[in-house]
Amino acid sequence: MSFADALGEAGAKPAGKRPYFLEPQVERVLAITMAVAQELAVSRQRVDTLERLLTARGLLGDGEIDAFAPDPLAATERAMWSQEYIARILRIVQQENEAAIATSDVASGDVGDQLG
């Protein structure tokens with residue numbers, strides 16, 4: 001998968017306009033915060049699992065993780081992951097920019113108001 005493809009997939013969204021229940025700025029910050037919280041929770045669980053498995057098997061000693069320096073390939077892969085991660089976290093900003101351009105989308109709340 002190319003870098004551009006990965007960024008495109010990170011920004012995928014459902015059809016239609018985003019419904020807002022709070023002020024749009026508050027929802028934007030909340031969405032970003034929750035994306036970060038979700039990513040962090042998953043990462044912490046995985047790191048904890050790896051550290052416990054490696055320590056139990058005697059493959060990891062004290063301080064080895066803190067002393068690790070990635071090789072150039074690993075550093076490049078980490079940089080790409082970081083870009084994809086930021087794209088996922090800031091997805092709401094990207095989607096709002098796209099929605100501002102595509103004026104044909106209708107929010108579900110707007111449809112309900114029109115039918116009511």
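1. Throughout this note, buried means under 20% relative accessible area, exposed means over 50%, and partly exposed lies in between (1.4 Å probe, protein chains only). The model is predicted, so local features need pLDDT of at least 70 and side-chain atom pairs count only at pLDDT 80 or more, while totals for chains, interfaces and linings use all residues. Residues are numbered from 1 along each chain as its sequence is written, and side-chain values use heavy atoms, with hydrogens and water left out.

2. The chain has 6 helices and 0 strands, where helices (H or I, at least four residues) and strands (E, at least two) are DSSP runs numbered from the N terminus. Of its 116 residues, 12% count as buried.

3. Helix α2 (residues 24-56) has 33 residues and reaches 48 Å from its first C-alpha to its last, which is close to the 48 Å expected at 1.5 Å a residue, the expected span being 1.5 Å times one less than the number of residues. Just after α2, G58 takes a positive phi of about 75 degrees.

4. A search of the whole structure finds 3 salt bridges, each defined as a side-chain nitrogen of Lys or Arg within 4 Å of a carboxyl oxygen of Asp or Glu. One of them joins D48 and R52, whose closest N and O atoms are 2.7 Å apart. D48 and R52 are 4 residues apart in helix α2 and are therefore separated by about one helical turn; D48 is partly exposed at 34% relative accessible area, whereas R52, at 58%, counts as exposed.

5. E96 forms a salt bridge with R28, with 2.6 Å between the closest N and O atoms. This pair links distant parts of the chain, since E96 belongs to helix α5 (residues 91-101) and R28 to helix α2, 68 residues apart. E96 is buried, with a relative accessible area of 17%, while R28 is partly exposed at 27%.

6. The side chains of R88 and E39 also meet in a salt bridge (2.9 Å, N to O), and this pair too links distant parts of the chain, with R88 in helix α4 and E39 in helix α2, 49 residues apart. R88 counts as partly exposed at 26% relative accessibility, as does E39 at 22%.
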